[in-house]
Structure formats: C-alpha cells, structure tokens
Amino acid sequence: MTDTRTRSSRESILEVKNLVMNYELKDGGMVSAVEDVSFELKKGQSLGLVGESGCGKTSVALTLLQLQAANARVLGGEINLDGINLLELSPEEMRQHRWTDISMVFQGAMNSWNPVYTVGEQIREAMDLHWDPKPTAAEAYEKIVELFNLVGINPEMIERYPHEFSGGMKQRAVIAMALSCDPKVIIADEPTTALDVIVQEQILEELKKIQDELDMSIIYISHDIAVIAEITDLMGVMYAGKLVEIGPTAELFAKPRHPYTWLILSSTPSITGPRRALAPLEGEPPNLLDPPSGCRFHPRCPFATDKCSQEEPPLSEIGEGHMIACWNHEQVPVTLATAEDDSRSANGSQ
Amino acid sequence: MAASNGDARVRVTDLEKHFPISKGLFRKSTDFVHAVDGVSFEIKAGESLGLVGESGCGKTTTGRMLVKLDDATDGTIFIRDAETDEMIDVTEVKTKVEQKEFRKNVQMIFQDPYESMNPRRTIFDIVAEPLVVQNIGTTEEREERVIDLLRLVGLTPPEPFLFRYPHELSGGQRQRIAIARALVMEPAFVVADEPTSMLDVSIRISIMRLMLELAEKLGVTYLYITHDLAVARYMCDRIAVMYLGKIVEMGPTEELLANPMHPYTRALLSAVPVPDPSYKRPDVEIEGGVARAVNPAPECRFLARCPFAVEQCRTATHPELYDRGSEHFVACHLVGSDGEWHGSERSVLELRS
C-alpha cells in the first residue's frame, strides 16, 4: 500500500463539486441517482467508490466521462479535470478530452471485443480517433507493444483475435486500451468482477503497478470492499445517490464513522482473523424516485433520531481528508458490529 | 476416502462426468472434457460441505449430478431418504415415479434469482409448484403452507407477496423465494449453487444467516457451491477444494484455512482479497488460469501450474486423496502422510527469473 500522506501535498487532478444528476422517466418522474457528490483526486492517487447496486457509483463514473444515458439530467455541480470544467464543454470539445484525459474500463468490457478484428487493430482504432496527430503504423505498434508489456501480455498477442485470449488476458487488453491515449485519470468499473480470484489478484497487482509507474490517478468502482481495501488510497462510500463517507482507506477500515460504512464492514466476511459473527444490514435500499426525507439512510440506521428524518446531514470534515455526512457519528461504536447469535459457531466449528 | 459412516446423509464415490466435445453431426466424438473425474466425499446429516474452486473446475457439474439434473458417466451417489432412512442410489433413479419421489428429498437453489423463476407466474404458483407436482394438499392447504414458508424465509407479512410476480421483487427477496421453493417439500438435502453471489454484500449476509438458521431448524444438509472462500468460511463445516474435476484438498473449515497443504489451495487462499488495508498478503505462487480438462493426462492435474513439481509428479499418476491426520484430506505427492511438506520453498520471484 502506497503512503497517502506523501501524496496529499500533490496537485489535484480531478475535483468534483456538488454534482447532482437525475434520470428523467417517461412519466416525468425524476430518479435522484447522484445527489450532491463532491470529492477530490490528486495525481497518482487512487479512489475506490463502494456501495450497493443502484447507489449511483456507475452513474458518477459515466457523468465524469459525459457518457450518461440520454434521459440523464445533470442538474448542478462542477467536474474540474486539470482546471477545465467538463460540464461546460460542448459534445465535440468533450470528445477531445475523453480517452486522452479521462478514460474508463467499463464493467464487463472484456466481453465487448469485436470478434472479427485483432485486439491490436481495435486498440489502434481508439488511438486513431483520439491521438492528435494520428499515429503512424509504426508509432501505434510501438505504443501497443509498450502497453502490452505494461499490463503483462506477451506482445506477440497483438495480431491475435479476442477468442485466442483468456478472460484475464482480455481484461488486461481492455486496460491497455484505456491507457492507449495516456489519460490523466482512469475509471475502472468493477475491473475484476467476472474473474477468478487468482487472475483477479494478478490484474489488481498490474493496476497497482501502473498507478505507481505512470503516476496515474485511478477511480475504482466495486461492490467488493475487500478489493477496495487492497488497492486504493482513498475510499468513498455511496448510499442511495449520496456520498456518505470519504477518507483514507486505511482510516475508514480501522475506524468507520458513518453507520452505513460501519455496517457494511461488519457484514463483510473474511478468510483472515478470528471468525466473527457477521451482522446483517436490515432492510433494502430506498426507491430513489421518492428518496426518504432527511438523511437517506435513516430508515435503516440503528442510530437514527428524529433529527435524521428531518434534516439532511452535510458532508463535513471530521479529520484530515476524512469527511462524513451523519448527525450521530459519535454514537457509532469503535468495534465492528457482531450478530447476537450465530448458529454455525454455536454448532461447534473448529 | 473415509470409511463408510453410519450417519452419512450423502455418500459420493468415484463420481465422473465426461462431456463429449461435439465434432459435427455424424462424427463420433473422441475427445471428452473430464468435468468431474473421480470425486468422492460424504456429508453427514445436518452438515454443510462447501465445494470451492475456480470457474470450470467441475463444482456445479457435481452439484447437478447430485440432484439428478445431469446423469453421471460413472460412479455412485447415495442419498439417505428422510422418510424411510434408506440410502437411495441416485444413479438408479430412472422412472418418472422414482424421480418424483427423489425430488421430495433433494432440492437445489440456483445462482441467479432473476433467471430461475418463470416471470409469468405468481410467487404463490412458484413456491407451491412442487406441491402441485407431487399432488399434495388442497389449494387451501397449499396456500397455508406457502404462507408459512414465506414467513419462515423472512418475507413478512406474507400475504401481500402471494400474488406478486418475480419482477416486482428485489434480488434478495427473489432469493428468499427460491429458498422457500426449495424447502417447500422439506427436503433433507439441498444443493445450493452460489446462492448469494449475485446479491449485494448487505443482503448477502441476511440470506447466508437465513440458510444457516433453516439448517438448524429443519435439519437440512447442504452442499454449498461457491467460488468465494470467505463465504464458505461462514456457511460450511467442511470445505472441499476442486481443481479440474478432482478434489485436491478437503477438511474442516478452520483447519483447512489455517493450514492449507495443497499448493493450489495455498495459492487460492493467498489470492483472496482481504477487507483489511493493513493485511500483507503472501505471494501468489501460481500463474495463469484454469484450462479445460480435455482428455487429461494421468499425471497430477495441477502439474502444469505447480511451482513445486518434482520428478515424481511428472511420472506418477494423479495423487490419491487421503487423510493426513485430523480429517484433513490432501491429494499431493509432496505432502507426507502426517501432513508435513516435502517440497521446496521456492518463491514466485525465483520462478519468474
């Protein structure tokens, strides 16, 4: 794990301020998918966004790239990438920044290779569209060889077709493609979800290496909090469209302050350490067509008070770089929650 | 394998499943994928055995044979009938009548709660279907039974759920319905194939706890198939690790996690992400992905990826799975009869250079 403190003095590369994005439905209803999300990413830093499905992680990512669905409405906020507010750009201007300044490894992208072109040709296509001027054949080839070496694929595979790649290789090639135009920021949406653990571990190592060697800023999106623990400097926890806690990953794991973060960590099984009785998180995420009043987490929160259902807690700083949106964070215990009864351990397992 | 045990609920011996590789309409296939190749294990009544491994290792095929969704190529499967207390030979279950009888006793929970339910049938229809097939009870009795089960799986109050359709429910609710459907016949043995892998962490734990509670309450025996060792740790009394159609290691959960002996298990464990940023992981000792076991060579299945392989591994046949003390079974030439390691301690760095 790289030291976050040495990076905190570095220049900021991406700053998201009060981003609000809704999906408009046919009947005029608005789904509040991203609500007042703010965070900052420094050069060479990695941020993990975690949360349940539908919490807005991928919506944030797509908005950063201005690739959101046709019915998405960005209602406010700023996305400053290296000093330029992406939300003020025309589609054509945005196209010039996309891929060259900010690129993305999409969820399930390893299955989106076109089977009738070689992998090299497909990476070349992205470079032809975004490099200025277009690379010559020799330049493109040289770059792809460099990228393949970086992500751990034998450069001989450039001329091969996607079916000749294994799942892990395809995913590495997707990462190579995302790097092909030397972006400043990469967003990796569930980059290893469909892969087996051994391959997953190798790809995460590769990504960590890329972050260090190229001083790359990476945003990881994952529902797997263990993966986020391994590879990120910062962690942001999203719930129902809102960022409820963000801070240095190590600090959030050691001392989660938001009740939701605390409960998520309490319900994550691990193969190491003593076998804890996992505490379940009761209830289900809210319907974002009509989000709960006040704090969106209050209907499921064990520490909720009257204030929580009436007033929305602001995201405020409680430590260096550690922000949290909760009225009652002092109530959150220092140790993780455990379930009262656990039938299997009571059964007498070793 | 362990000597036959009186209270075994499930006993699988030398189970094999070979899938022919299609070569066209009229050509006889000569190549076979040995999806499951000589698997033996026992599950005691009320116990939960975890079957773990990477995709393509044969864990789902094993599960499907146990519930007779696939027929075994060879080997025997005995499952104790809850009513008669007799061991039923699953491979001998052939006629429709026998199959119907068999399904009262053995059920399966599938991975995907979105794909495993008929979208045009109501929750009541879905959960009551086994009762209809088995011709049990009147409509009123069935309704009562379904209501009881919905309550049991935590869908309360149950009445509003009865006439809803699957698309109206969340993933977690659907998986609860799938569990209710599997339990409606009060089976003694349930094969659960990755029942929580499609669910969010927060919901996953409540489904896992529900399954454990039901095991306790109803005495269900599980074969729990998963790729996630952390989940297996919470769900299973024992874990069996599969690699290319073979069980390479099997033992009590905590013993196996604390003291993995087979090189594959060690690699698998060292690759599992740990929710602790301060955790320092050991080097993963192997590389690459799982191949398909097409007409596999007689040598150890793990030979091609094993960093420790010695001459013996290249010349001898696949090592036998046997007890290395305290019910810890390992199939590796380099593990001694009392579990000591005879291989070298080369690190992955030396291997690469």
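This is a predicted model: local features need pLDDT of at least 70, side-chain atom pairs count only at pLDDT 80 or more; totals for chains, interfaces and linings use all residues.
Residues are numbered from 1 along each chain as its sequence is written, and chains are lettered from A and ligands numbered from 1 in the order in which they are written.

Chain A holds twelve helices and twelve strands; these are DSSP runs numbered from the N terminus, helices being H or I of at least four residues and strands E of at least two. Its C-alpha trace spans about 65 × 55 × 45 Å along the principal axes. Of the 350 residues in chain A, 48% are buried, meaning that 20 or more other C-beta atoms, placed from the backbone, lie within 10 Å of the residue's own.

An open antiparallel sheet of four strands in chain A has the order β2-β1-β4-β5, where two strands pair if DSSP finds at least two bridges between them. Its edges are β2 (30-42) and β5 (84-85) of chain A, each of which pairs on one side only. Strand β1 (residues 12-24) of chain A is joined to β2(A) by nine antiparallel bridges, and E15(A) has E40(A) of β2(A) as its bridge partner.

Chain A and chain B meet in a contact that takes 39 residues from chain A and 40 residues from chain B, two residues being in contact if their C-beta atoms, placed from the backbone, lie within 7 Å. On the chain A side, the elements giving two or more residues are α6 (167-178), α7 (197-214), α8 (225-231), α9 (249-254), α10 (259-266) and α12 (343-346) of chain A.

In chain B, all five residues of strand β7 (residues 189-193) are buried. In a regular strand the side chains alternate between the two faces of the sheet. Here F189(B), V191(B) and D193(B) point one way from β7(B), and V190(B) and A192(B) the other way.

Strand β6 (residues 106-109) of chain B pairs with β7(B) in the parallel sense over four bridges, with M108(B) bridged to V191(B). Strand β8 (residues 221-226) of chain B is also parallel to β7(B), over five bridges, and V190(B) stands opposite Y222(B) of β8(B). From β7(B) the chain crosses through helix α7 (residues 201-218) of chain B to β8(B) in a right-handed β-α-β crossover: with the strands pointing away from the viewer, the path from the first strand over the helix to the second runs clockwise.

Notes: A residue is buried if 20 or more other C-beta atoms lie within 10 Å of its own, exposed if 12 or fewer, and partly exposed in between; C-beta atoms are placed from the backbone.
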